[in-house]
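Please look over the model below before reading my notes. Keep the sequence at hand as you go.

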Amino acid sequence: MSRGALPMPDPERLRNIPSVASLLETREIRQALLRHPRPVVVGAIRRALSALRAEVAPGGTPPRSREEWTELLLSRIPAEIAVAEEPSLRRVINATGVVIHTNLGRAPLPEEGIRAVSETAGGYSNLEFDLASGSRFSRLVHVEELILTLTGAESAHVVNNNAAAVLLCLAGLARGRDVLVSRGELVEIGGSFRIPDIMAESGANLVEVGTTNRTRIEDYERAATARTALLLKVHRSNFSMTGFTEEVAARELASLGDRLGIPVMEDLGSGAIFDFSSAGIPGTPTVRQALALGPGIVTVSGDKLLGGPQAGIIVGRKALVDPLKKHPLSRALRIDKLCLAALAATLRLYADDRRAVARVPVLSMMLAGEPAVRARARKLIRRLKRESGAGLSLSVERAFSSPGGGAMPDVEIPTACVAVSHETMRVEELEARLRLGSPSVVGRIEKGKLLLDMRTVRGGEIPELAAALLSAASVE
Ligand SMILES: *Cc1c(COP(=O)(O)O)cnc(C)c1O
């Protein structure tokens, strides 16, 4: 029996593995230290060492000489250094067809927003400084008028995100008192945003009314008491209910609130400024339409259907919204200057619907017709056809894109995908290689095929996507 086949105690197997200190003395690492900061190099050595120890541990790689271990480690350390020197947050080509993809960063900003961020980020600005008078003012002035004009609201406030907006409204309007919510609207959005939890954090007392599938106006009416501070309606963003269901329309709830003298709030979630029904996608009211139905206060996200940066926008009646601006939580939840700059630039594009559709990526992607998406798919295929021998086979396939971001759970948009397969590589392998490439490409596997949905791939990204496919397909 050979020596290597015997299970040896770990200290014996690991004995010849060099130490961090001795690796630092090698010529290769001394050279690396000229180009990379010491902590980066030491970290890379430590990671390479612990990976090796884990491999060697029980019955793994047989022991080698110190020289052999050193050589093996030196061959692995450059890759570890490269990983450490690369930013963790990287660009991804979104070929999933999910327009507002929360895990991929939701809305890409319009060019105008990117410019505004860049200018604001690199220097000082009049963020809270009135250049006309030379005195301090609120950072909200940069977006307030725009929001009022676009939504018809009496007053507007902006915070860090919509979860913060809901928390602030509940804390400011209902702390220590009751908030009535339908059992059909006690939703969870994106894992950590749950209405009952936010309610508990705000200090308001949740009073559930109705049942999971049916809630009537009488349910709210019966539950309302002198302790009731708010009637809350929550948009069922990421699911829909069908069958034996009934819910109270926003208008009806608003008129009950008026009659009882209790404010009504609607958490709309996705805040459309553009009227999607005018473009053939019904079912999503604009913020203006939602407000017109009568709730005193409405909250929306900045980076869903609005297509701007992360932000939480609160609009409604002055008497309800204005006090929130002075609430202590407002300071903790305030919007940062980069998001504010991007939000102002995005909102300005909405002064003209056609300009908004052309310039705001979320709108352009949502509204692109299937033929336009198909043309992009063909363009990608034409580019790759020139490169023969990559082993790829490509075709255009019909499928459906979705808005995502809990915006329109029932909406499916007909789209065109490039279906990719490889003569020797499994689709799972191809998918993983694309995902791990640079830039990373994220598609989806459907019925054994890798689909790249071209709705969410921009024209300018096609050359890079073609290069990424070629590199993923090459088997050395
Ligand atoms: C998305 C969403 C939220 C959370 O908004 P963020 O901007 O992600 O904080 C809250 N409520 C509803 C109904 C939503 O759809």
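1. Basis. This is a predicted model; local features need pLDDT of at least 70, side-chain atom pairs count only at pLDDT 80 or more, and totals for chains, interfaces and linings use all residues. Residues are numbered from 1 along each chain as its sequence is written, and side-chain values use heavy atoms, with hydrogens and water left out.

2. Confidence. pLDDT is the predictor's confidence in each residue, from 0 to 100. The protein chain averages 92, and 95% of the residues score at least 70. Residues 1–5 stay under 50. For them the model has three contacts (heavy atoms within 4.5 Å) beyond four places in sequence.

3. Strands (E, at least two residues) and helices (H or I, at least four) are DSSP runs, numbered from the N terminus. Strands pair if DSSP finds at least two bridges between them. Seven strands form an open sheet with mixed pairing, in the order β5-β13-β12-β11-β10-β6-β9. β5 (155–159) and β9 (205–209) are at the edges with a single partner strand each, so one side of each has no neighbour in the sheet.

4. β6 (residues 178–182) and β10 (residues 228–234) run parallel, joined by four bridges. Asp178 stands opposite Thr228 in β10.
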